Amino acid sequence: VKLGKLLADRDERLSITILIMKLPMEGKISSLTKNPPHSRVNFVKVQPQVQHDSISTDQWMKLPKDFVRPALESQKDLVRDAVAEIMKSSSSSKIAAFVIDMFCTSMMDVANELGIPTYVFLPIGLAAVGLMLHLQSLRDDHNMDLTEYKNLDAEICVSAFTKPVPAAVWPPSVFDKESDLLDFIKRYRDTQGIIVNSFLELESHQIMSLSNDHKIPPIYPLGPILQLGGDQTNQENQNHTEIIGWLDKQPHSSVVYLCFGSNGSVDGEQVKEIAVALENSGYRFLWSLRKPPPRESFEFPGEYENPQDVLPKGFLKRTAERGKVIGWAPQMAVLSHPAVGGFVSHSGWNSTLESLWWGVPMAVWPLAAEQQANAFLLVKEIEMAVEIKIDYNKDNNVIVGSEMIETAIRQLMEPENGVRLKVRALKEKSRLALMEGGSSFNYMKLFIENVMDDVS
Ligand SMILES: O=c1ccn([C@@H]2O[C@H](COP(=O)(O)OP(=O)(O)O[C@H]3O[C@H](CO)[C@@H](O)[C@H](O)[C@H]3O)[C@@H](O)[C@H]2O)c(=O)[nH]1
């Protein structure tokens, strides 16, 4: 939605229509659909004629791992009809391009049938994209069985990185034969361009190396595209006020903030190790502690009714003067607060961009998805984060000990460490990238020119 707004703001010839598919699982549709952020951004709900019952959370757990592709495939006719309807109703304008989500590659077939070019928008960093394209090529062009690399101490050379990349930081799905991930990736090669939420000053090596690869379509780094902030309930608004009120009372750059994204959580024993590390470090802290969903389920983490149940005995009392344990955090407001001096993060790409935007250094502890590759980029490649454990994988049942976490927190919170200085410099660059004449501003111009060339 934010990308749509950026495009509409930039060029008055462009209107953006966002198609929302009704997938089989229960889902929340943002109130943004009723309140679009721009007069030329609108939403069309692609609804089946006959409404099917949503799949409940219990049923979710019984779905095969590769249900995403068939679920999207089954939407093709509906999307084709919706697009035909749009074409019919706006005879004076033309559909210039399809911009598809990273999992919606099936819709390229619809675009191809209609003679419309497709671009893919990837909300992740280019280093991770480059790694996945490389792994896909090893599988498809060189017949390598990637699953054999699971748990191997191997490293490979990937053009998107200057250092060899260990198998321990590859996205965990590539080791899973049932996963469709690399099939999605393969189809990115047939698009007219890959839009990424990154910027030249952050991933210059990645942008240059992928742009020079003739087997990869043009790369458009248009970021940082930051979250608009979601729908806030009254309870969330109240929590927000309380959290910011607490931060207002803390000294400048004194608080370490811990949060593992919308989908990240750790359980029992690991929670205790974090608590011990925080207590022993002596630093002030704001900890977004979320309740893990049942194992193997697709649910998001929830809120603890009483966090004391999972924390060491007496922890909340002993740290009451200098720490606060919360549920969902108002992250952008937290990171922008001058009291926050460091961020312990799972290196999800949005959190990474947000921390750079506010100049807050990170200590990274990836859990899943492409987060290990992000962590490798940040720690080893561009040295912009402190390491907690970059090859951590939630599914391996490894417990990271309190000493390791405490050491990283101490390093993170040092006032003049190298990472802090680099991140401070990048804060300015991330803002300049979007301004007139900045790198992402210029890539946006190029993107619009190329889209418009195809229409005329
Ligand atoms: O308590 C919280 C937790 C999260 N957020 C926000 O939620 C977003 C989280 O995004 P991200 O850091 O990217 O993590 P995930 O939610 O885990 O995102 C998924 O999607 C990303 C790409 O969009 C990938 O990079 C990640 O690996 C994948 O897990 C950010 O905007 C945060 O500000 C909050 O505001 N409060």
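The paragraphs below treat the ligand and then the cavities.

This is a predicted model, in which local features need pLDDT of at least 70 and side-chain atom pairs count only at pLDDT 80 or more, whereas totals for chains, interfaces and linings use all residues. Residues are numbered from 1 along each chain as its sequence is written, and side-chain values use heavy atoms, with hydrogens and water left out.

Around the ligand there are 19 residues, of which Ser-262, Ala-329, Ser-351, Glu-354 and Glu-370 come nearest (a residue is near if one of its heavy atoms lies within 4 Å of the molecule). By class this shell has 7 nonpolar, 10 polar and 2 charged residues, where Ala, Val, Leu, Ile, Met, Phe, Trp, Tyr, Cys and Pro count as nonpolar, Asp, Glu, Lys and Arg as charged, and the others, Gly among them, as polar. A polar side-chain atom of Ser-262 lies 2.4 Å from an oxygen atom of the ligand, while a polar backbone atom of Ala-329 is 2.6 Å from a ligand nitrogen atom.

The structure also holds 2 cavities of 30 Å³ or more; a cavity is a set of points, on a 1 Å grid over the protein atoms alone, where a 1.4 Å probe fits but cannot get out, and its lining residues have an atom within 4 Å of a point. Volumes are the space filled by probe spheres set on the points, which are joined across faces, edges and corners. The largest cavity has about 70 Å³ of space, and its lining includes Cys-259, Trp-287 and Arg-290.

Notes:
On a 1 Å grid over the protein atoms alone, a cavity is a set of points where a 1.4 Å probe fits but cannot get out, and a pocket is an open set with protein on both sides within 12 Å along at least five of seven lines; lining residues have an atom within 4 Å of a point. A polar contact is a pair of N or O atoms within 3.5 Å; within protein, one must be able to donate a hydrogen and the other to accept it, and residues adjacent in sequence count only if both atoms are side-chain atoms.
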